[in-house]
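This report describes a ligand site, a sheet and several local backbone features. The sequence and the structure are shown first.

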Amino acid sequence: MHTHTLKEFDPIVLGSIKKEQQRQEEGLEMIPSENFVSPAVLEALGSVLTNKYSEGYAGKRYYGGCEFIDEVETLAIERAKLLFGAEHVNVQPLSGAPANVAVYFALLQPGDTVLGMDLSHGGHLTHGHPVTYMAKIFNFIRYKTDKDGKIDLDNLRNMALEHKPKIILVGYSAYSREIEYEKIKAIADEVGAITMADIAHIAGLIAGGQMNNPVPLFDVVTTTTHKTLRGPRGGMIMCKEKYASAIDKAVFPGLQGGPHENNIAAKAIAFKEALLPEFKEYTAQIKKNAKVLEKKFNEFGYKLCFGGTDNHLLLIDVTMKGIGGKQAQIALDKAGITVNKNMIPDDTRSPFDPSGIRLGTPALTTRGMKEAEMETIATWINEVIMNHDNEAKLAEIKTQVKELTKKFPLYPTLV
Ligand SMILES: *Cc1c(COP(=O)(O)O)cnc(C)c1O
């Protein structure tokens, strides 16, 4: 029997894990799609459930020995239903991208049309970006945001009337405003389209009651579980009973093989956490923290895309400071602040060096940081951008960043 521990057997991998843990402890994680899971979620991920094959669904598996796996998966589903008010839930998608692919496969024929948001206006790669295989199979067309940063509903309706899409898709990865699901549903009803929301980024804010919930209204809702929802890396599909069988078949056997039950157990734990009153407070604080950043970046003279934020993230045009998104990201990295470069609406620069940076507050808020820390951090970010070629200044800010993070420890007992 192989009984070796990581420490005994593979100091090289352990070393990399330790360095990554230290990087997470000592840096300011502001990528809005990232978060820190609880030790309970990590325990489930590292559990023996990873050993089990369980193709199929609870009570209808292709393998024996699934009685405890069925308990775990059923619990995850029941908790997700409670959290979002869903009629039907599939917790098997391995991540957000395969969740979306499964929905397309469940509801579309090759060549069918999907109306989604323009990618430079906040849409996601998996919403039919030309580099994806989905774009070869289905016909993706695009609506945009208007000059005030709102979803341009007139444009959306005109596109829907012209192209008669099978699916109207909302939900974004760089859009910072609330979504008016009722108005989009009304347009979908007018043209007979299925409504789909991809809430990957904002699922936690919805679960915490801080943003509108499309689940009771929309036909299908996909999400990741690892962003604001603060669970393990994974995906989930919620839908009306009417689409349940098509969705389940598309996930398995249509797209995937055996589900990752260690991960599904970790999802169940994260959902239990999200059902607690503390999670409401956490998600309210995410938004308060983002509002502080909004105020500070306005004061510093940056242009905030979409006019500001209603959620956890900001998309900031940095070009008026004489710098591009790539340079800003690199300079911020040197100062221990992690963000990502990002296209802004109708960006004239390239995706490899776009005009903006995207940053958010979910991970910092998990550490316990509040308004006062956000003021400080916004000031540092501005200083980094204004002094991006001054290595000494960047190193000085990195020291200050490290001092701050010491007051908000992450995983004191691990590794
Ligand atoms: C992150 C994200 C995804 C993809 O999730 P992965 O887990 O990275 O595959 C899909 N849609 C949206 C809107 C996202 O933000």
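How many nonpolar, polar and charged residues does the shell around the ligand have? By class, the shell holds 3 nonpolar, 9 polar and 2 charged residues. In this classification Ala, Val, Leu, Ile, Met, Phe, Trp, Tyr, Cys and Pro count as nonpolar, Asp, Glu, Lys and Arg as charged, and the others, Gly among them, as polar.

## Basis of the model

This is a predicted model, in which local features need pLDDT of at least 70 and side-chain atom pairs count only at pLDDT 80 or more, while totals for chains, interfaces and linings use all residues. Residues are numbered from 1 along each chain as its sequence is written, and side-chain values use heavy atoms, with hydrogens and water left out.

## Ligand site

Of the 14 residues around the ligand, those that come nearest are Ser95, Ala97, Asp198, His201 and Lys227; a residue is near a molecule if one of its heavy atoms lies within 4 Å of it. Helix H5 (residues 96-107) contributes the most to this shell, with 3 residues. Helices (H or I, at least four residues) and strands (E, at least two) are DSSP runs, numbered from the N terminus.

Polar contacts are pairs of N or O atoms within 3.5 Å; within protein, one must be able to donate a hydrogen and the other to accept it, and residues adjacent in sequence count only if both atoms are side-chain atoms. A backbone N or O atom of Gly96 lies 2.9 Å from an oxygen atom of the ligand, and a polar backbone atom of Ala97 is 2.8 Å from an oxygen atom of the ligand. For His124, a polar side-chain atom lies 3.5 Å from a nitrogen atom of the ligand. The protein covers 86% of the 380 Å² of accessible area that the ligand has on its own, with areas taken from the Shrake-Rupley method with a 1.4 Å probe; for residues, only the protein chains shown count as cover.

## The open sheet

An open sheet of mixed pairing is formed by 7 strands in the order S4-S10-S9-S8-S7-S5-S6; two strands pair if DSSP finds at least two bridges between them. Strand S4 (88-90) and strand S6 (139-143) stand at the edges with a single partner strand each, so one side of each lacks a neighbour in the sheet.

Strand S10 (residues 235-239) pairs with S4 in the antiparallel sense over 3 bridges. Here Asn90 has Ile237 as its bridge partner, and His88 stands opposite Cys239. Strand S9 (residues 220-224) and S10 also pair in the antiparallel sense, over 5 bridges, and Thr224 is the bridge partner of Gly235. In S10, 5 of the 5 residues are buried, so the strand is largely enclosed by the rest of the structure. Buried means under 20% relative accessible area, exposed over 50%, and partly exposed in between (1.4 Å probe, protein chains only). Gly235, Ile237 and Cys239 cover one side of S10, and Met236 and Met238 the other.

## Local backbone features

A cis peptide bond joins Phe252 and Pro253, with omega about 5°; Pro253 is placed in helix H10 (residues 241-255).

Phe306 has a positive phi near 60° and is found in the loop between strand S11 (303-304) and strand S12 (313-317). Phe306 is buried, at a relative accessible area of 5%. Asp346 has a positive phi near 55° and is found in the loop between strand S14 (340-342) and strand S15 (356-360). Asp346 is partly exposed, at 44% relative accessibility.
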